[in-house]
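Hi there,

Here is the structure I promised to pass on. Have a look at it first, and then read my notes below with the model open beside you.

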Amino acid sequence: MRLLLIRHGQTPANVHGILDAAVPGPGLTELGQRQADALPAALADRGIERLFTSTMVRTQVTAAPLAAALGIEPVVLPGLREIEAGDTQGKSDKVSVQTYIATVHGWSQGDRSTRMPGAESGDEFFARYADAVRQIIATGAEVAAAVSHGAAIRTWASAAAQNTPDEFGTRRNLENTGIVELEGSFDDGWRLVDWAGEPVGGDDLVDRSAQDPTGERF
């Protein structure tokens, strides 16, 4: 199968560098809505058969224009949600951001037993995200898109792809509505096809001033 993992549009938390992984979370900024509105034209020829979102509002709002254009009803999968922030939830100070990023980076380097302070472990994250992808595969779609989250996409996709090192995503940016494309399955293995870290729709949809910890290189 071909799986397009799309990061949601910009949120107020992305602008101000706030760690916000609580469900349901915020909606989109004005720029975030314009990013979402650019998805249908950018993905019109990709043959997307099924569309999925997480339980978080920002993914569902981002998916709405694409769903309407394709005539598809998005399916909500809880496992696609962002990596839990735990004790760092709602914070933007340097220590909290470094704690979050260092924990996620550690998972990418193989230390999956470590727990995000006050939240899930790497093993738990990978298990629930993989379960969500298995549910996507079970639909039988040859091409599917899932609107998910920055740290979650970068961490899971890099580890799943056999043609990249597990820490690959820590060295690549993934701006809002950036897309990571994978091909394969759990049985045959996954291959990274493309890592489009910039927003679809052009440079005018990029916010270089945003203090976005889960979109920048770790």
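Let's start with the charged pairs: the structure holds 10 salt bridges. By that I mean a side-chain nitrogen of Lys or Arg within 4 Å of a carboxyl oxygen of Asp or Glu. Before going on, please keep in mind that this is a predicted model, where local features need pLDDT of at least 70 and side-chain atom pairs count only at pLDDT 80 or more, while totals for chains, interfaces and linings use all residues. Residues are numbered from 1 along each chain as its sequence is written, and side-chain values use heavy atoms, with hydrogens and water left out.

The cut-offs here are under 20% relative accessible area for buried, over 50% for exposed and in between for partly exposed, using a 1.4 Å probe and protein chains only.

Two other salt bridges are worth a click. Glu120 pairs with Arg128, with 2.7 Å between the closest N and O atoms, and both residues are buried. Arg208 pairs with Glu198 at 3.1 Å between the closest N and O atoms. Both Arg208 and Glu198 are in the segment after β6, 10 residues apart. Arg208 is exposed, with a relative accessible area of 61%, and Glu198 is partly exposed at 32%. There is also a network: salt bridges with shared partners join Arg2, Arg46, Glu181, Glu183 and Arg191.

Now the nonpolar side. In soluble globular proteins, nonpolar side chains tend to be buried together. I call a group a nonpolar core when buried Ala, Val, Leu, Ile, Met, Phe, Trp, Tyr and Cys residues are joined through side-chain atoms within 4.5 Å. The largest such core here has 41 residues, and the members touching the most others are Leu5, Ile83, Tyr100, Phe125, Tyr129, Trp156 and Leu182. Elements giving two or more residues to this core include β1 (2-7), α4 (94-108), α5 (122-138) and β4 (143-148). A second, separate core has 18 residues, among them Leu43, Ile48, Leu66 and Ile72.

What does Ile83 touch, leaving aside its neighbours within four places in sequence? Its contacts (heavy atoms within 4.5 Å) include Ala21, Tyr100, Trp107, Phe125 and Arg128.

α5 has 17 residues and reaches 24 Å from its first C-alpha to its last, close to the 24 Å expected at 1.5 Å a residue. The expected span is 1.5 Å times one less than the number of residues in the helix. Buried residues in α5 include Phe125, Arg128 and Tyr129, and what covers the buried residues of this helix includes β1, β2 (50-53), α4, β4, α6 and β6. Just after α5, Gly140 has a positive phi of about 85 degrees. As for α4, its buried residues, including Tyr100, Val104 and Trp107, pack against α5 and α6. Gly110 follows α4, with a positive phi near 110 degrees.

Next, the sheet. It is open, with 6 strands in the order β3-β2-β4-β1-β5-β6 and mixed pairing. Two strands count as paired if DSSP finds at least two bridges between them. β3 (75-76) and β6 are at the edges with a single partner strand each, so one side of each has no neighbour in the sheet. β2 and β3 run parallel and are joined by 2 bridges.

Last, two backbone details. The peptide bond joining Val23 and Pro24 is cis, with omega about 10 degrees, and Pro24 is in the loop between α1 (12-16) and α2. Thr177 is not a glycine, yet has a positive phi of about 65 degrees. This residue lies in the loop between α6 and β5 and is buried, with a relative accessible area of 0%.

Happy browsing!

Conventions: Helix = DSSP H or I, 4+ residues; strand = E, 2+ residues; numbered from the N terminus.
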